[in-house]
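Student: I'd like to go through this model with you before I look at it on my own. Could we start with the chain as a whole and then move to single residues?

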Amino acid sequence: FHFFPPVEQFWHPKRPISHEQSSTTRGHFSASWAHEAPSPKPENAVTIAVSTRVLFRTEREQKVFERHGVEEYLRYQIQHENEPFAPGPAFPFVKALEAVNSRLRQLYPQSEELFDIVLVTYNHAHVGIRLINTINHHNLFIERFCMTGGSSPIGYLAAWHTDLYLSADAQKVREALAEGIAVATVFMPEKQTEVSESQLRVAFDGDAVLFSDESERIFKAHGLDKFFEHERQNEDTLLDHGPLKGFLEALGKLQKKFYAKGQRLDCPIRTYLVTARSAASSGLRALKTLRAWGLEIDEALFLAGAPKGPMLEKIRPHIYFDDQMFHVEGAAEMGTIAAHVPYGVAQKRQAGK
């Protein structure tokens, strides 16, 4: 489980999430059936970009690159191109996306409102053969690749209409965040909790993830009592949006497609708010903001400062997003795939450690 020194970033939303967006991957079906269904247009999809290093385990290959350079690395990849990579930390998340797509295809055969997965890698195109062999080996349906040959992929993410980018590269995550892209750095825990294969579960922190860091700034600067006072005084004032609000919105649109078919209780997408806020003293503003945005959270856990790891162990999400490494570490220690969102005032404190 590796850590990095986060740097303060300010998130500037440049591309609002369109209510017409949808997605591409097809989940849990035979490959022959999958290829009969055309990929949706990127502008109609809920596009999830994942890096090779979070979808698969590539530590051995990374060591070859670091010790021997790019030419030896390419030779190694070609020599081993028939050996599939093992699943990485984002693999269960991607499989769950495909399971949702399978259900959506059954209910809406002609719809392009699906998850569309783009594999993003710094690799040279020569490595593409091994990646394709790996994808076929694991029965994934990923048709869109972005292989940049060592160049930064950040400029391509907007062209893909990316709704979420998951990477292991903290610097690239900060670059993407500065471009207004919903993004997080994914970590591999030492142990990994089993997760559902039929229901996608996504858990979010509140402040500096779904919401802005406005309230967190009050807490950091003036303490808990002033924070509570500020929240009470602003109970009916909506919080501004944070970097992952658009991704929750995209999940909500897909959930409503299941609700429209009478499948609310059997929906294959479930969302969670897991926040250190207290319910009575500061929870109202968070819930009123979500309601005003037209967003539903299936479960809201107000922990009043209690550790998040044990709650996440019970939820068993495919991924949990938080802006503070303390909570990311705590979640990972309990076996949760946790992702760090380097946004907001907490990054100043972490960078200064």
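Student: Among contacts in the chain between residues at least 6 apart in sequence, what percentage join residues at least 24 apart?

Tutor: That share is 78%, where a contact means heavy atoms within 4.5 Å. Please keep in mind that this is a predicted model, in which local features need pLDDT of at least 70 and side-chain atom pairs count only at pLDDT 80 or more, while totals for chains, interfaces and linings use all residues. Residues are numbered from 1 along each chain as its sequence is written, and side-chain values use heavy atoms, with hydrogens and water left out.

Student: How many helices and strands are there in the chain?

Tutor: The chain has 15 helices and 12 strands, taken as DSSP runs numbered from the N terminus, with helices being H or I of at least four residues and strands being E of at least two. Of the 353 residues in the chain, 56% are buried, and here buried means under 20% relative accessible area, exposed means over 50%, and partly exposed lies in between, with a 1.4 Å probe and protein chains only.

Student: And where is confidence lowest, and where highest?

Tutor: The mean pLDDT, which is the predictor's confidence in each residue on a scale from 0 to 100, is 85 for the chain, and 87% of the residues reach 70 or more. Confidence is lowest in helix H1 (residues 31-36), with a mean of 40, and highest in strand E8 (residues 200-204), at 98. Over residues 1-36 the pLDDT is below 50, although this stretch has 138 contacts in the model beyond near neighbours in sequence. Where pLDDT is low, the predicted coordinates should not be read in detail.

Student: OK, on to residues. What does phenylalanine 56 touch?

Tutor: Leaving out residues up to four places away in sequence, phenylalanine 56 touches Phe85, Ala86, Pro87, Gly88, Phe91, Leu131, Thr134, Ile135, His138 and Leu140. Phenylalanine 56 belongs to strand E2 (residues 56-57), and it counts as buried because its relative accessibility is 0%.

Student: Is arginine 285 buried or exposed?

Tutor: Arginine 285 counts as buried, because its relative accessibility is 2%, and its place is in helix H12 (residues 279-292). Apart from neighbours within four places in sequence, arginine 285 is in contact with Glu214, Ser215, His230, Glu231, Asn234, Glu235, Thr237, Leu238 and Leu239. The C-alpha atoms of arginine 285 and arginine 232 are separated by 8.2 Å, and the two residues are 53 apart along the chain.

Student: What about alanine 99, where is that found?

Tutor: Alanine 99 is in helix H5 (residues 91-107) and counts as buried at 8% relative accessibility.

Student: Switching to loops, which loop holds glutamine 263?

Tutor: Glutamine 263 sits in the loop between helix H11 (245-259) and strand E9 (269-275). At 18% relative accessibility it counts as buried, and, not counting residues up to four places away in sequence, glutamine 263 touches Arg103, Leu107 and Phe258.

Student: What phi does asparagine 139 have?

Tutor: Asparagine 139 has a positive phi of about 55 degrees, although it is not a glycine. It is found in the loop between helix H6 (128-137) and strand E5 (144-147), and it counts as exposed because its relative accessibility is 55%. Arginine 316 likewise has a positive phi of about 55 degrees without being a glycine; it lies in the loop between helix H13 (309-315) and strand E11 (319-322) and is partly exposed at 37%.

Student: Last topic: how many disulfides does the structure hold?

Tutor: The structure holds 0 disulfides, a disulfide being a pair of cysteine sulfur atoms within 2.5 Å. Cysteine 146 counts as buried at 7% relative accessibility, and cysteine 267 is buried too, with a relative accessible area of 5%.
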